[in-house]
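Thank you all for coming; please have the sequence and the model open while I talk. I will take a few places one after another.

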Amino acid sequence: MYILTQLHIDIARNATDDFNLFHDPMRWQQIPGNPFQGTIALGFQLGLFVETQIKQGASAIKPRRYSVYEFNFVNPAKEGDELNLTLKAARVSTTPMGEQESQRLILKASGKPSLMGFYRQSDYLSVSSKLLKCNKDQISKMADRTLLDENMFLKRKWMIVGNAKNYLLSAFADQRQYVDEFANKVCFPQFYPLSLMSSAMLERAKAIGYDLISNAMIYVSQKMCIDNQQLAQLKSNDCLNILVAAVEDDSSHLTCAGWANSESPLFCAEVQLMPLSDIL
């Protein structure tokens, strides 16, 4: 049984620098009209749970160059909820760019759907972004927290093994599958670099003057694609440059891309959010 506790939520938010008040046990009440009556799990924390369950044998899809996750958020997962993942039969699709093998998934929290979507293994980068035209060398010379044209924001993070281990703990994972100092093994989970987008998006919101308390937002969907070859080569203290920008001046629709040690992106993502006021 995987029972979510506040400790799991705290470990996840501290490991990823996610300061969203929805996860803070001392300050969630500051969000006007917060309907959840307590803290909720991080969206990326639930994604990490999906990833680690797949690694522990929930899926038989063979690995390819890219892993793709497409999530639609239905209900929050809260303290005390039991998490369960179900994967449907795999299907292979062929495009001019290569093949993708996909499985529909549903993650339930205490029997209610929390997120639904797809897990895919792909031959190609299947998520596009206007940020992909950016040059890695130019990005690496920019100062951290640079805001360009009041839209594109740079957040610089580092791959820290200790944070990754703690993050794995927040998702009930067997850390030895990823990090084993006695075997000189370091394999970052896919959702560790992906999750650092949360910090980048929050800091961008502050940089453009967005009020994260009175105008709190929640995830509607996430679509993410990560390069497994690059991920396997990452080491402790490698630098990760993350760019975040709005899509067509829509503050609730964001595109993200991250670069590590290659000219090509480590990951590319698209995130759709919704103001809490729209739900209320």
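In which helix does R13 lie? Before I answer, please keep in mind that what we are looking at is a predicted model. R13 is found in helix 1, which covers residues 6–16. With a relative accessible area of 16%, R13 counts as buried, because the cut-off for buried is under 20%. Its side chain makes a polar contact with the side chain of D10, at 2.9 Å. If we set aside the neighbours within four places in sequence, R13 is also in contact with D18, H23, D24, P25 and L42.

Let me move on to E203, which sits in helix 5, residues 191–207. E203 is buried as well, at 14% relative accessibility, and, not counting residues up to four places away in sequence, E203 touches F19, R145, F153 and K155.

Now to the strands, where I would like to stay with strand 4, residues 98–109, which is mostly covered, since 9 of its 12 residues are buried. Which strands pair with strand 4? Strand 2, residues 83–87, runs antiparallel to strand 4 and is joined to it by 5 bridges, with L87 standing opposite L105. Strand 3, residues 91–95, is also antiparallel to strand 4, again with 5 bridges; here T95 stands opposite G98, and a hairpin of 2 residues links strand 3 to strand 4. Finally, strand 5, residues 112–122, pairs with strand 4 in the antiparallel sense over 10 bridges, and K108 has P113 as its bridge partner. Strand 4 and strand 5 also form a hairpin with 2 residues between them, and S110 in that turn has a positive phi of about 55°.

Key: Residues numbered from 1 in each chain as written. Predicted model: local features only at pLDDT ≥ 70, side-chain atom pairs only at ≥ 80, totals over all residues. Heavy atoms only, no water. Helix = DSSP H or I, 4+ residues; strand = E, 2+ residues; numbered from the N terminus. Buried < 20%, exposed > 50% of the residue type's maximum accessible area, 1.4 Å probe, protein only. Polar contact = N/O pair within 3.5 Å; in protein donor to acceptor, adjacent residues only side chain to side chain. Contact = heavy atoms within 4.5 Å. Pairing = 2+ DSSP bridges.
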